Amino acid sequence: MKRWLLVFVMGAACRAPAPAGEGGRGARLVSLHDVTTEALVRMGAADRLAGIAELVSPAPEVRAALAGVRRVAGAESILALAPTAVVGLAVVAEQDPELVAALRARGIEVYLARPRTLDEVFEMVREVGRRVGAGAGAERAVAAVRGRVAAAPAPAGAGAGAGRVAPRLFVYDGGDPPFTAGGETVLSDLIARAGARNVFADLAAGWTHVSWEEVIAREPTHVVINDYLAEGGAAGRDQGWALAAALARKRATLGAMPRLAGLPVLALPLGQVLGGLGSADAFERLRALVVGSAG
């Protein structure tokens with residue numbers, strides 16, 4: 001499995017001309033990240049997919065919609081499908097620049113997005129939709145997420161000058177030193193929209209390493225753990241056990257630190273924090289945490 005499928009650190013967005021064919025008709029896309037793959041499914045354009053990178057953490061309905069789509073794992077398998085464009089997140093270029101260079105050398109358009117906010121997720125969805133002539137479907141997908149965000153109940157005292165103290169969230173992806181969400185991540189934006197505060201929102205970084213001393217000094221009131229297993233679906237038994245063990249280790253690591261051990265923990269499925277349309281699910285769960293803490 002390519003490393004860029006599980007890496008969060010994303011480089012600059014890359015834009016290119018629209019694909020051959022008026023309005024994207026005849027487009028054959030290869031998608032190299034769950035985020036762009038899910039976007040194509042949600043906008044009703046799964047039939048424009050010639051191939052996809054193996055899914056990491058898709059929602060069950062997304063996996064079902066892609067059951068017959070060819071899987072790719074490198075330049076040779078992508079070129080064999082003769083795509084009009086390749087889409088994904090900019091982490092692909094950071095982790096496999098030779099792949100991107102090889103595709104562009106063959107004249108294949110490559111669009112790699114770097115969403116840092118929910119609004120930038122919407123722009124990414126629109127850009128992908130434009131490449132397959134599915135602008136209307138892209139707008140419907142964006143509107144659905146906007147509607148869910150707007151419909152979420154507000155926490156008690158919000159906007160009323162009641163002096164409500166926002167929960168302070170530490171995002172723990174894993175590792176030692178811990179890997180967390182800086183201020184330039186979609187998850188940090190979602191936390192703010194939900195009425196909470198990412199304790200590392202002031203870091204001008206994406207996903208980054210910090211020290212445990214820094215975590216404790218920022219006095220979080222809650223912990224968000226990235227759960228790599230929750231939506232994995234296709235993981236084999238051994239892989240599933242390994243991922244479950246990894247989640248247990250994250251909880252144990254937190255439990256071994258007196259200043260963090262007693263904090264409430266929210267485990268978010270990986271697919272909800274990657275920076276795609278699954279952000280709606282993450283937002284709703286974060287807002288529920290905020291509402292619950294205010295009650």
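How many of the nine residues of helix α1 are buried? In this predicted model, eight of the nine residues of α1 (residues 34-42) are buried, and the helix is mostly covered.

**Helix α1**

- The buried residues of α1 are D34, V35, T36, T37, E38, A39, L40 and V41.
- These buried residues pack against strands β1 (29-31), β2 (49-53) and β4, and against helices α2 (60-65) and α6 (118-131).
- After α1 comes G44, which has a positive phi near 80°.

**Helix α5**

- Helix α5 spans residues 97-105, and its residues L99, V100 and L103 are buried.
- These three residues lie on the same side of α5, because the arc they cover around the axis is only 95°.
- An α-helix has 3.6 residues a turn, so residues three or four places apart point the same way.
- Exposed residues E98 and A105 are carried on the face of α5 turned away from the buried side.
- The cover over the buried residues of α5 includes helices α3 (75-79) and α4 (91-95), together with strands β4 (85-89) and β5 (109-113).

- Strands β1 and β2 run parallel and are joined by three bridges.
- L29 has L49 in β2 as its bridge partner.
- Strands of a sheet pair through backbone hydrogen bonds, either parallel or antiparallel.
- Strand β1 is among the elements that the buried residues of α1 pack against, as are β2 and β4.
- Strand β4 is also part of what covers the buried residues of α5.

**Residue A50 in β2**

- A50 lies in strand β2.
- A50 counts as buried because its relative accessibility is 11%, under the 20% cut-off.
- Leaving aside residues up to four places away in sequence, A50 touches R28, L29, V69, R70 and L81.
- The C-alpha atoms of A50 and A82 are separated by 8.3 Å, although these residues are 32 residues apart along the chain.

**Strand β6 and its partners**

- Strand β6 (residues 168-172) is mostly covered, with four of its five residues buried.
- Two bridges connect β6 with strand β8 (residues 197-198), and the two strands run parallel.
- R168 stands opposite R197 of β8.
- Strand β10 (residues 222-227) also runs parallel to β6, and four bridges join them.
- The partner of L169 in β10 is H222.

**Aromatic pairs and a charge over a ring**

- A pair of aromatic rings is described by the distance of the centres and the angle of the planes.
- The model has five aromatic pairs, counting rings whose centres lie within 6.5 Å.
- F170 and Y172 form a stacked pair, at 5.9 Å centre to centre with 25° between the planes.
- F170 is buried, at 0% relative accessibility, and Y172 is buried too, with a relative accessible area of 2%.
- F179 and W207 form a tilted pair, with centres 6.3 Å apart and planes at 35°.
- F179 is in strand β7 (residues 179-181) and W207 in strand β9 (residues 207-209), so this pair ties together parts that are 28 residues apart in sequence.
- F179 counts as buried at 15% relative accessibility, and W207 is buried with a relative accessible area of 6%.
- A cluster linked by ring pairs contains F170, Y172, F200 and W212.
- The charged end of R131 sits over the ring of Y111, at 4.4 Å from the ring centre.

Terms used: Residues are numbered from 1 along each chain as its sequence is written. This is a predicted model: local features need pLDDT of at least 70, side-chain atom pairs count only at pLDDT 80 or more; totals for chains, interfaces and linings use all residues. Side-chain values use heavy atoms; hydrogens and water are left out. Rings of Phe, Tyr and Trp (its six-membered ring) pair if their centres lie within 6.5 Å; planes under 30 degrees apart count as stacked, over 60 as edge-to-face and the rest as tilted. Buried means under 20% relative accessible area, exposed over 50%, partly exposed in between (1.4 Å probe, protein chains only). A charge sits over a ring if NZ of Lys or CZ of Arg is within 6 Å of the ring centre and within 35 degrees of the ring normal. The arc is that of the directions from the helix axis to the C-beta atoms. Contact means heavy atoms within 4.5 Å. Two strands pair if DSSP finds at least two bridges between them.
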